[in-house]
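I opened this notebook to record what I looked up in the structure. The entries follow the order in which I consulted it.

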Amino acid sequence: MIRIGVILGSTRPTRRGPQIAQWVLDSASRRGNAEFELIDLRDHPLPHLEEAAPPMFGPSAHEHTRAWAERIAPFDGFVVVTPEYNGGVPGVLKNAIDHLCAEWADKAVGFVSYGVHGGARAVVQLRTVCGTLGMADVSYQVAISLLTDFENHTTFTPRDHHVAALNKTLDQLIAWSGALAPLRACIDTTLVDS
């Protein structure tokens, strides 16, 4: 069965992401056509990228990076739940992505974003980053407003259009994760000089 990781891309103490990630996880788990699992970046504290060589050159010498790679490698695709910080991707999420290379390749990714403007600018940046790593980003996404989609500005209240957008995102994500399986099966993770 296809395995999808739901990455919670913020570690702030007052983050709204856990409510959204739990909604994604609960909604997705009812589908029955894939397995979903939460990956909270708080559980994987990584220092600011301190690798001696780029991740494309092979396994890290650092235990924390190897543990992160082992966490990400088994999944066929990802839903990234991301806020938008100052018009962009949260630093902790970008840092976590940058720690790896082969573990992301030939996997599908979908986005659920939140922010004053729905987190759209963070997703634009993530599409570029993920594409550079060889990931296939699906076209549908969920954009959640901090101004209108939280009751009393604290409790996430998904509306019908969020549910519909999440279902379309998951449909594409699961289809692409399955379609990319042959590429993942034959991937050679060693660096080949060209």
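**Entry 1: strand β1**

I began with β1: five of its six residues are buried, so the strand is largely enclosed by the rest of the structure. Buried means under 20% relative accessible area, exposed over 50%, and partly exposed in between, with a 1.4 Å probe and protein chains only. Helices (H or I, at least four residues) and strands (E, at least two) are DSSP runs, numbered from the N terminus. I note that the model is predicted: local features need pLDDT of at least 70, side-chain atom pairs count only at pLDDT 80 or more, and totals for chains, interfaces and linings use all residues. Residues are numbered from 1 along each chain as its sequence is written, and side-chain values use heavy atoms, with hydrogens and water left out.

I then looked up the partners of β1. Six bridges join β1 to β2, and the two run parallel; two strands pair if DSSP finds at least two bridges between them. Leu8 has Asp40 in β2 as its bridge partner. From β1 the chain crosses through helix α1 (residues 17-29) to β2, a right-handed β-α-β crossover. That term applies if, with the strands pointing away from the viewer, the path from the first strand over the helix to the second runs clockwise. With strand β3 (residues 77-83), β1 pairs in the parallel sense over five bridges, and Ile4 stands opposite Gly77 there.

**Entry 2: the sheet**

I traced an open sheet of five strands in the order β2-β1-β3-β4-β5, with parallel pairing. β2 (35-40) and β5 (136-145) stand at the edges with a single partner strand each, so one side of each is left without a neighbour in the sheet. Val112 stands opposite Val142 in β5.

**Entry 3: Ile2**

I found Ile2 in the segment before β1 (3-8). Ile2 counts as buried because its relative accessibility is 19%. Setting aside residues up to four places away in sequence, I list among its contacts Ala34, Asp76 and Ile174; contact means heavy atoms within 4.5 Å.

**Entry 4: α1 against α5**

Which residues of α1 and α5 meet? Trp23, Val24, Ser27 and Ala28 in α1 meet His162, Val163, Leu166 and Leu170 in α5.
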